[in-house]
Amino acid sequence: MMKLRGKLCLLLGIMLVNAVQMSTKGQQRKNILFLVVDDLRPDIGCYGDQRAYTPNIDKLAERGVVFRNAYCQQAVCSPSRTSMLTGLRPDETGVHDLQVHFRENLPGAVTLPQHFKGNGYFTASVGKIFHNSKRTLDSVSWTEEISPFDGNTYVLPENRSGKGKQRATEMADVPDTAYSDGKIAEDAIRLLAEAGRTDNPFFIAVGFKKPHAPFCAPKRYWDLYERSAFGVVHRERPVGSPELSFHQWQELRGYSDVPDAGPIPPEQEQELIHGYYACISYVDAQIGRLMDELETLGLSDSTIIVLWGDHGYHLGEQDLWCKSTNFELDVRVPLIIAAPGMAGNGSATDAMVESVDIYPTLNELCGIPMAGLSGISLRPLLAQPSMSWDYPAFSQFVRPYPAIHNSKRASHMGYSVRIPGWRCTYWYDLEKNTVAAKELYRLDNGGDMETENIVGKSARSRKAEKRLSYLLNQYRNGQYRKVQN
């Protein structure tokens, strides 16, 4: 009897192990739809922006977890994307500009899609995932790669007659596919349909090019807004902030209708912000098309959807346009992770998280771990968004920028750390290895802007700076690595 009972227990144990393995296998085979949006700051309805018309992103938020305090590692396209896609920080990849390819420094690096490809996934890239230049692509990461150079920046004849940058905005009464993001969505829909007919799980990354300037979108998306609703607020620089923190809006200055120096006329500021929001709604519509296709194919319950903006953006605030700073508006990014079956879906979290956390998060959700990454899995927050999460967020930026374009070596690097209530930035003279400037800002609510540099202003600020400077020193010297509790 005891032997029979033992055999029954053994059989039940084997059945339990098999059941767990089958469940794990099911988790491992979750598909990934990774949505990357260029220059998108959290001007989205689900982030509290009451002007933004973003019904599809808001619908995605209802299916997943909204990370209210997510931060990129460097607020410009290639360094930020490289950091997220390698799971390493900018000083680890050696990428601080738009020219260097991370494989020049790390030839053996395994990117996020490459890791999934090596674990049996069909991986495909549509649009802009790595930086949008032939020099910075990474074909080894993909099973199939649809060229990020396809599509039109402009459609109106007056803007297509010349080379390079023309006007900073364009409104044309055309279908969505007249501009590149509509075509990118169509290519992604085709890939989803193809992938859905195979037995292999897929990792499909879709990189939308808007709302990156120029702010070009079909007229219907401009018509969603009244231009009178837009205008620059908080135009003043933070009091006491060092000159190293700023730039001269070089990215925007290059457009034919933008002044080469000095302020932008108020009417044009309104037009630019109007165009930025029109582009957000244009991208939102394309995201809606992809979500509808998942539903049509019956893949919604087996697909993890990630929405990520590569960095934030200034729209005239703090005497800045575009990105390329360590300020909150440039380094805070939208991040939504909708993983089917997670208890936290439909909620938001105030936890401080980083773009380098995305790689290990998807690894854990799909059961394909990998060592050596600089971030940590956010899966605990997907299960319990309100849990305690005591991690800082780091960002950095180089000056002058762009150094290579100017045939100059970088002279300074600004390292910045964000914790609840505070941001601290130290600017290092790279030749002398000394601190050239310090910044400390009180930020009481998510999304606040820096208004006054309070380094050394009070006992409280000195105490905060001491704590944060220690973290910055660890980070700068490569001694900081997150460890899961």
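Me: What radius of gyration would a compact globule with 485 residues have, and what does the chain have?
Reply: A compact globule of 485 residues would come out near 23 Å, and the chain has 23 Å, which agrees. That radius is taken over C-alpha atoms, and the globule rule is 2.2 Å times the number of residues to the power 0.38.

Me: Before I go on, what kind of model is this?
Reply: This is a predicted model, where local features need pLDDT of at least 70 and side-chain atom pairs count only at pLDDT 80 or more, while totals for chains, interfaces and linings use all residues. Residues are numbered from 1 along each chain as its sequence is written, and side-chain values use heavy atoms, with hydrogens and water left out.

Me: OK. How many helices and strands in the chain?
Reply: The chain has 15 helices and 17 strands. These are DSSP runs numbered from the N terminus: helices are H or I with at least four residues, strands are E with at least two.

Me: And what share of the residues is buried?
Reply: 58% of the 485 residues are buried. Buried means under 20% relative accessible area, exposed means over 50%, and partly exposed is in between, using a 1.4 Å probe and protein chains only.

Me: Which helix is largely enclosed by the rest of the structure?
Reply: That's H3, residues 77–86: ten of its ten residues are buried, so H3 is largely enclosed by the rest of the structure.

Me: What do the buried residues of H3 pack against?
Reply: They pack against strands S1 (31–37) and S8 (303–309), along with helices H4 (90–93), H5 (102–105), H6 (112–118) and H13. Contact here means heavy atoms within 4.5 Å.

Me: What follows H3?
Reply: Gly87 does, and its phi is positive, near 75 degrees. Gly87 is also among the residues that Ser374 touches.

Me: Where does Ser374 sit, then?
Reply: Ser374 is in the loop between helix H13 (358–366) and helix H14 (379–383). With 3% relative accessibility, Ser374 counts as buried.

Me: What else does Ser374 touch, leaving out residues up to four places away in sequence?
Reply: Its contacts include Leu88, Arg89, Glu92, Val356, Arg481 and Lys482. With Glu92 there is a side-chain to side-chain polar contact of 2.6 Å. A polar contact is a pair of N or O atoms within 3.5 Å; within protein, one must be able to donate a hydrogen and the other to accept it, and residues adjacent in sequence count only if both atoms are side-chain atoms.

Me: Switching to Asp91: which helix is that in?
Reply: Asp91 is in helix H4, and at 36% relative accessibility it counts as partly exposed.

Me: Which side chains make polar contacts with the Asp91 side chain?
Reply: The side chain of Gln396 does, at 2.9 Å, and so does that of Tyr415, at 2.7 Å. Asp91 also touches His96, Met413 and Arg476, not counting residues up to four places away in sequence.

Me: What about Arg68, where is that?
Reply: Arg68 is in strand S2 (residues 65–71). At 36% relative accessibility, Arg68 counts as partly exposed. Among the residues Arg68 touches are Tyr47, Arg332 and Asp350.

Me: Last one: is Glu226 buried or exposed?
Reply: Glu226 is exposed, with a relative accessible area of 59%. Glu226 lies in the loop between helix H9 (219–222) and helix H10 (250–253). Its C-alpha is 8.0 Å from that of His274, and the two are 48 residues apart in sequence.
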